[in-house]
Amino acid sequence: MAQQAYMTETADGGSGPERPGSRLRRLTHRLLAGWRGDPRIWRRGIIVAVLALLLALVMLVHSRIPNRLGNLGSLTETFLPWLGLAIPVLLLLGLIRKSATALIAVLLPAIVWLNLFGGLLTDKSGSGGDLMVATHNVNADNPDPAVTARDVASSGADVLALEEVPGTAVAVYEKALAPTYRYHAVVGTVGLWSKYPMSDVQAVDIKLGWKRAMRATVTTPHGPVAVYVAHMPSVRVKVEAGFTARQRDKSADALGEAIADEPLKRVVLLGDLNGTMNDRSLNAVTSQMRSTQGAAGSGFGFSWPASFPMARIDQIMVRGMEPESSWTLPRTGSDHLPVAARVKLDTSS
């Protein structure tokens with residue numbers, strides 16, 4: 001009986017085991033049977049085709065979407081990779097409608113999306129690197145800062161930046177990280193911990209009126225590196241105001257000016273920028289630095305929110321050094337994921 005369940009009639013009226021290839025051919029035949037000789041396959045699905053073309057247009061000209069209305073352009077760019085989810089939906093609708101026009105139109109947004117983000121689908125990480133860095137927005141309301149500190153320290157990072165460190169928890173982080181990091185400095189709500197000597201520690205004015213950015217020189221075995229730590233102002237999505245990010249944008253411009261004036265050749269930026277590399281409002285920073293995730297990561301490296309990461313707003317960017325690998329670290333008690341990278345300081349070879 002069990003064998004008969006897998007038997008089918010053969011061409012000569014007998015029976016035999018059904019071949020997988022035969023089953024696939026029958027399914028393909030049934031799918032195409034309704035398309036052959038049907039002149040309406042080019043007239044059906046016009047709405048689906050128009051939606052596909054609009055989707056491709058949004059991705060192509062995202063940098064030209066105006067920010068005057070609720071910062072709509074930046075909002076689109078923050079979640080730009082997720083627009084790709086509409087492509088399989090449109091493809092399915094085109095198949096259901098049996099529309100050749102729709103299926104051809106869907107190719108355009110697919111090609112555009114792959115051109116924008118296809119490189120992030122491959123693993124570009126290497127095994128080298130002279131310095132490992134990490135950054136983490138620990139969340140001011142973190143229920144167990146000591147455990148969070150030990151978790152990120154266990155990653156093996158040589159230099160660790162923390163953001164959103166409340167004054168009441170500074171001593172907790174200092175105590176938890178002291179066994180791993182000999183040198184550290186805290187400026188306002190951001191801090192930097194290092195296995196190598198630090199000097200020239202100073203606040204960076206990002207036009208907030210309080211301290212949420214700093215700079216220090218870390219003297220590594222391969223020479224000095226200027227390390228910036230920054231926590232950009234938060235952005236909000238409001239029904240009445242859209243994507244409100246005016247203060248974030250102003251602070252990003254100020255940070256970009258500080259980095260542009262940095263005298264050291266090798267520079268690394270660690271922090272929560274509350275924006276992605278696609279967000280034009282961060283151009284003052286992103287135009288002069290490389291994202292380690294984009295250059296040497298695997299996947300998109302989304303870091304927020306930790307429960308279901310949808311955007312990479314926690315960044316590691318470098319100048320004057322070569323990214324070797326970049327990745328996210330396991331979840332802690334924060335609403336952000338920590339991110340880490342290995343970079344090559346000696347680029348002479």
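Pro305 is located in the loop that runs between helix H10 (292–296) and strand S14 (314–319). In this predicted model, the peptide bond leading from Trp304 to Pro305 is cis, and its omega is near -10°. Most peptide bonds are trans, and most residues other than glycine have a negative phi.

For Lys98, phi is about 50°. Lys98 belongs to the loop between helix H4 (86–96) and helix H5 (100–117) and is partly exposed, at 33% relative accessibility. For Glu164, phi is about 60°. Glu164 sits in the loop between strand S4 (159–163) and helix H7 (170–177), and with a relative accessible area of 23% Glu164 is likewise partly exposed.

The largest nonpolar core holds 24 residues, of which Val159, Leu192, Val227 and Leu270 touch the most other members. Beyond its neighbours within four places in sequence, Val159 contacts Leu131, Met132, Val133, Ala134, Leu192, Trp193, Ser194, Val218, Val227 and Leu270.

The relative accessible area of Ile46 is 44%, so Ile46 counts as partly exposed.

Notes. Residues are numbered from 1 along each chain as its sequence is written. This is a predicted model: local features need pLDDT of at least 70, side-chain atom pairs count only at pLDDT 80 or more; totals for chains, interfaces and linings use all residues. Side-chain values use heavy atoms; hydrogens and water are left out. A nonpolar core is a set of buried Ala, Val, Leu, Ile, Met, Phe, Trp, Tyr and Cys residues joined through side-chain atoms within 4.5 Å. Buried means under 20% relative accessible area, exposed over 50%, partly exposed in between (1.4 Å probe, protein chains only). Contact means heavy atoms within 4.5 Å. Helices (H or I, at least four residues) and strands (E, at least two) are DSSP runs, numbered from the N terminus.
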